[in-house]
Amino acid sequence: MIFGTGIIKGMLVTLKAFLASYFKGPHEGGIFTVEYPEKRLAEKERFRNFPFLLYDQTPENLRCVACDICAKECPPKCIYIVRDFDKEGRPLKRPAIFDIDFTVCMNCGICEEACPFDAIFMDHEFEIAGPDRQNKMLYHRDDLLKSNEYFNKIRPTDAGAIDARRREAEEKKKAAAAQAVKAKTTQPQPEPPKT
Amino acid sequence: MMEKMFEVQDPVNHDTQTLQVNIGPQHPSTHGVFRMNVVLDGETVVSLKPVMGYLHRNHEQIAENISYTASMPYTDRLDYFNSMSNNFAWALAVEKLANLDVPERAQYIRVIMAELTRLVNHVSVIGFLLNDLGAFFTPVLYAFREREKILDIFEEVSGARMMCNFLRFGGIKRDLPAGTLERIKEVIQNFPKFLDEFETLLTKNEILCMRCQNVGVLPAELAVNASITGPMLRASGVNYDVRKADKYSIYDRFDFKIPLGQTGDVYDRYYCRVLEMRESLKILQQALRDIPVTGEIISKKMAPFVKAPRNFKPPVGEAYGRVEAPKGELGFYVVSDGTPQPWRYHVRAPSLINLTILEDLCIGHKVADAIVILGSIDIVLGEVDH
Amino acid sequence: MAGFLPDWVLVIKSVLISIAAIAFLGPVTMMYLTLLERKVVGRMQNRIGPNRVGKWGLLQPLADGVKMLTKEDIVPTPADPIAHFLAPILIVVPALLVFAVIPFGRGMTAVDLNVGLLFFIAISSTTTLAIFMASWGSRNKFSLLGGMRSVAQMVSYEVPMVLSVVPVILITGSLSTNDIVLAQGGWGGLKWFIFTPWGLLAFIIFYLCGVAECNRSPFDLPEAESEIVAGFHTEYSGMKFALFYMAEFMNSFTISALAATLFLGGWQGPVLPSWLWFFMKTYVLIFIMIWFRGTLPRFRVDQLMNLAWKFLLPLTLINIFVAGFWYFAPNTIVRVLMSAGVLSLSFWGLQKLNQGYAPEKRVYQFGD
């Protein structure tokens, strides 16, 4: 074999790529990259990056009940929750503080998996770089809030399934409550115990 | 080789000085923050000391303080090229510990993901090896073009391209979305074409052959004694592959071969990887053919702990789970004391153990070869320093 | 106008115009070569290359220039300040000087020296000095390694490069670049020296050595970025770094231009204007250089020396002999066949003798 044939064959491969970049489409060996800020690739539905808190209808109506499970399960412990109290000092079912430190969060999605109240989900937002590490990278409760419509928009399959499940559970609950009320009214008065 | 070294270095006959150079931690081709303390005689390496630990992240200690499931995303970050096979090894260890069975469909999905990971790893390693050889990024970018398609599948399946966090004990996190298997089939169909092109570019290239052949020869005996695993060991001609030796998961169902080199030099390591990719494609084809259409994805025993990982308390005992990761034998040793956290957690990181042989391979070669040998060992600093 | 001005003014005027043209052409060539290289390599790698600054990235070189000029100039404390400062200036001087003897078109040689080729070779070999100055002056081990490699490489490759030019001088009987171009005129380009057996071989050797002379891939050992960071210019930043870059690109331009002049008939060519022919040929050769860079891995230092001394040098010596035969033999087909035969035989023989460096054939087994 003549010295250099391998080199020449290799050079033909690069030449082919060079010509293909002008004359071929992205799936035939041409340029397949996307000019990023102007064009974007379609997002995958399961793509996960940074959690958000879900609310129904209004921001006051958030699903989180400050149970602290996600904070405990979070592998790097980036979630910090303080429960809200009312004026009498009784605990309320909502967080007063819900902070996530983005510099610590590793986007693993375990909070979403562990949450029993369907309150925290992983977002599709990924352009969250910023120059301020101290203030901008610590997300507070109000920065994290996102509506259910938004969730339905970014992850239609998951959101649809969850909504259906919740509706079903609610209907069951309602039915159970109605049954209980019905039972209460129709139930004959128990006879007073004999003394 | 040793004689040659002293011949060159002899200070009586040659009035020369050696030159001590720190290659790294900031250097274009140390594959991360890794330092080689090299003593050079002219261009020849006289001694080489690998200095590692710049990326030490306390991996084992962290794992001993969090729940078993919470370690899963941390294993992604060991060898960030192959998060799926890292997940696999950790899942196997805990399944052994807690005696969990894995449903059929989940087994197949695991194998498919692990083999796709092997393609990703080998293809990019070859690209980077060529970068170390001085090819100006072309092989890397060709490799990345193909890698990107597989990473897209990972993203579709698990939500992240590299930090997949997809496997769970006794199964997988979620079932595949609709249409993914077809896309995997498509990628696998196009992959051999790409490999052929890649080989035309590289395998017969005279400069590559000159640079790689008979450089950094690792004799089989030394390789076994230094407990080298993975493609590096097989390039030296030792027939050892955990997939065949241990037959973990469902690897006994597939028909595939183990490519073996003869010389154990950089070229053999390169070419064994190419051949391994071709074998991986065979496994993938068989797995895609046999995978059950529907089925459970997580074992019944484990299902209650999906929503509450901290309640998962494996029985007291110890277990060692290992897989043939693309870089070698990746093993997790775990001791449980019945609490939600492991009592002891240890990683057998193939990169770290393969790297220990670096000095023996490099002495007597030129400094340019030392870089190439380092590239051929295939390290990821996340795993070396864990 | 010529009638009104004294002779010495005319001389000075033409000199000034030449200087201005070269001083303008050099840097502009360099700037747009960087863009061309990035574009072509990018395309070979399935990328687009720079496309943000201006249409198709046409203003990218200007942006780079501004960036280079405004960057901080760092001089390491232990560096030798004089050597460190002078090296980037000295390296540009020979790169600019050799523009003088290149015939850009019919009657477009800035200085038509009768020893033009010798001038070119002599001047371009002084680049080594500046490179070694830079590597020694920076007091950096990577720089030193790069400098040593550079000196070894340039000294080695100078020899086959000069010897590969000898056949051309032998045939034309002149050292003037203009005469060499004129000797290749006629027959619609078929008289270019590349279409003779010795010319083809000499062209390949000259071109390879030229690539090695300007430290470009696959002979880019002095600045091998994967091994010794950036070689001799590791410690340079800002405009000084830009000067090294400029010298490298101007060298690759002039080497390509000279190769086109010596073997591809220079500005000779039908229909189109002469300077256009010249630039077309030169840019084809530059494209091949970039193509090399986009494809090939790098040689190792000992393999580089072997290639020069054990392969290229004997081949050039045989080539000179063949060229001598060509000169005296009658112009028949026998002449072509005989010289081609001798050259391919010696190529084959040298390849056999250098078998130790040839790639091995490997067989792989499969285990169960």
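Reader: Let's start with a helix on a sheet: which strands of chain B does helix α4 (residues 83-98) of chain B lie across?

Author: Helix α4 of chain B lies across β7, β8 and β9 of chain B, and runs at about 150° to β7(B). Helices (H or I, at least four residues) and strands (E, at least two) are DSSP runs, numbered from the N terminus. For the angle, axes are lines fitted to C-alpha atoms, for helices over the stretch in contact, and angles run from 0 to 180 degrees between N-to-C directions. Contact itself means heavy atoms within 4.5 Å.

Before we go on, this is a predicted model: local features need pLDDT of at least 70 and side-chain atom pairs count only at pLDDT 80 or more, while totals for chains, interfaces and linings use all residues. Residues are numbered from 1 along each chain as its sequence is written, chains are lettered from A and ligands numbered from 1 in the order in which they are written, and side-chain values use heavy atoms, with hydrogens and water left out.

Reader: Thanks. What is the order of the strands in the sheet with β7, β8 and β9 of chain B?

Author: Pairing comes before order: two strands pair if DSSP finds at least two bridges between them. Here the order is β7-β8-β9 in an open sheet of three strands, with antiparallel pairing. β7 (317-325) and β9 (342-348) of chain B each have a single partner strand, so one side of each is left without a neighbour in the sheet. On average, neighbouring strands of this sheet are turned by 10° against each other, direction ignored.

Reader: How many bridges join β7(B) to β8 of chain B?

Author: Nine bridges join β7(B) to β8 (residues 328-336), and the two run antiparallel.

Reader: Now for the open sheet with β1, β2 and β3 of chain B: what pairing does it have?

Author: Its pairing is antiparallel, with three strands in the order β1-β2-β3. At the edges are β1 (19-23) and β3 (44-51) of chain B, each pairing on one side only. Neighbouring strands in this sheet are turned by 20° against each other on average, direction ignored. Strand β2 (residues 35-41) of chain B is joined to β3(B) by seven bridges, the two running antiparallel. Among the partners, B:Met36 bridges to B:Pro50 in β3(B).

Reader: Which helix of chain C packs on this sheet?

Author: Helix α6 (residues 141-172) of chain C does, touching β1 and β2 of chain B, and its direction makes about 110° with that of β1(B).

Reader: That takes us to interfaces. How much area do chain C and chain B bury between them?

Author: The size of an interface is often given as the accessible area lost when the parts come together. Buried area is the accessible area (1.4 Å probe) that two parts lose on being put together, summed over both. Chain C and chain B bury about 4,100 Å² between them, 58% of it on carbon and sulfur atoms. In chain C, the residues losing the most area to chain B are C:Arg300, C:Arg362 and C:Tyr364, together 16% of what that side buries. By contacts, 37 residues of chain C touch 56 residues of chain B.

Reader: How many salt bridges are there between chain C and chain B?

Author: A salt bridge is a side-chain nitrogen of Lys or Arg within 4 Å of a carboxyl oxygen of Asp or Glu. The count here is two. C:Arg149 forms a salt bridge with B:Glu43, with the closest N and O atoms 2.5 Å apart.

Reader: Which strand of chain B is joined to β1(C)?

Author: Strand β6 (residues 258-260) of chain B, by three bridges, and it runs antiparallel to β1(C). The bridge partner of B:Pro259 in β1(C) is C:Phe366.

Reader: And chain A: how many of its residues are in contact with chain B?

Author: 33 residues of chain A are in contact with 39 residues of chain B. The two chains bury about 3,000 Å² between them, 54% of it on carbon and sulfur atoms. In chain B, B:Arg174, B:Glu206 and B:Lys307 lose the most area to chain A, together 21% of what that side buries. The rule finds four salt bridges across this interface. B:Glu197 and A:Lys16 meet in a salt bridge through their side chains (3.7 Å, N to O).
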